[in-house]
Protein chains: 2
Amino acid sequence: MTTDLLTRLRDREWRLSAQRRAVAEVLVGEHVHLTAEQVHDLARERLPEVSRATVYNTLNELVAMGELFEVDVTDGPKRYDPNVTERHDHLVCDGCQAIRDVPRSSSPDVPPDVLGGFLVTGVEVTYRGLCPSCARRHRP
Amino acid sequence: MTTDLLTRLRDREWRLSAQRRAVAEVLVGEHVHLTAEQVHDLARERLPEVSRATVYNTLNELVAMGELFEVDVTDGPKRYDPNVTERHDHLVCDGCQAIRDVPRSSSPDVPPDVLGGFLVTGVEVTYRGLCPSCARRHRP
DNA sequence: GTCTATATCTAGATTTGTTCTAATCCTCGA
DNA sequence: TCGAGGATTAGAACAAATCTAGATATAGAC
């Protein structure tokens, strides 16, 4: 098992206030893709006086540090993905907006001749469809 | 050459008012990925009294008809992509947010065993990097 | 040509998601 | 203990998009 978010933050000597800890703790887990609003709600269950601004500040800092990915694959608010250690893509349900991580099968490459001088540094793959329960509802 | 947007709209018997025509005309061309605001500005050059609401209404109708793609690959406003006839992916410049279409090289597939009951209906691939002029500016 | 039903358009208000601001609060080293 | 600087806060501000209600245009029937 790879080191988790809280451990990595401690190792970075990142000033870990009570508020920041509350935010970070919310993000630990499998297939977690919360919105800032959801992070705020969950963080307040641990520490009621965490403000929205602090949640946004903290999330943005974590993203800047590379300890969190911003995922913007649906309409509406951004989601935050703490799975930064395993290279993966996303599977998005068009029904309920659920997001699931999928390990990357193979790196899709663009043939260099179509790039026209573009310097490519990264690739994102998003699969869209219906999650099991939305698929059932859609064709019962 | 495939039929263009205006022709297809006429064939669909879509009520083509002066305002809608002004919006649609703006979208014709190569590698056009305008924001709603840019579409509004350009449409007003043709027909000064087009309102923002009409631009949004028209864009959303075209998207619903499948005659226009909504592309949301950058922070900030959505972009609209009239290239619906050729299957393609997007190349996004992290410097200036320019978007370029690239023909899809090969369909990326998820191995069915990782899907866990998810019904996949589509895939989007986004390449990120720096366009020629931003790459020059970045390492001169 | 006129009338009527229906679709479309408009300005402006509203909603949503996010960032900014200015004041206050901690924390830690001197 | 004090002071400096970062962290936090509530609320204002902002940006993108949508909604609303009334005005306007249009096509087809007469």
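**Conventions.** I took residues as numbered from 1 along each chain as its sequence is written, with chains lettered from A and ligands numbered from 1 in the order in which they are written. In this predicted model, local features need pLDDT of at least 70 and side-chain atom pairs count only at pLDDT 80 or more, while totals for chains, interfaces and linings use all residues.

**Symmetry.** I looked up how chain A relates to chain B: a rotation of 180 degrees with 0.0 Å of shift along its axis superposes them, with an RMSD of 0.1 Å. The same surface serves both copies, as 100% of the contact residues of chain A recur in chain B. Two residues are in contact if their C-beta atoms, placed from the backbone, lie within 7 Å. A:Val125 is the residue of chain A that comes closest to the rotation axis, at 2.3 Å (C-alpha).

**Core.** I then looked up the largest nonpolar core, which has 20 residues. Such a core is a set of buried Ala, Val, Leu, Ile, Met, Phe, Trp, Tyr and Cys residues joined through C-beta atoms within 7 Å. A residue is buried if 20 or more other C-beta atoms lie within 10 Å of its own, exposed if 12 or fewer, and partly exposed in between, with C-beta atoms placed from the backbone. A:Val92 and B:Val92 have the most contacts inside the core. Strand 4 (88-93) and strand 6 (119-130) of chain A, and strand 4 (88-93) and strand 6 (119-130) of chain B, each give two or more residues to this core. Helices (H or I, at least four residues) and strands (E, at least two) are DSSP runs, numbered from the N terminus. Leaving aside neighbours within four places in sequence, the contacts of A:Val92 include A:Val73, A:Ile99 and A:Tyr127.

**Helix 3 of chain A.** I found A:Val39, A:His40 and A:Ala43 buried in this helix (residues 36-46). Seen down the axis of helix 3 of chain A, the buried residues fall within an arc of 100 degrees, so they line one face of the helix. The arc is that of the directions from the helix axis to the C-beta atoms. On the other side, A:Glu37 and A:Glu45 are exposed.

Key. Least-squares fit on C-alpha atoms with pLDDT ≥ 70 in both.
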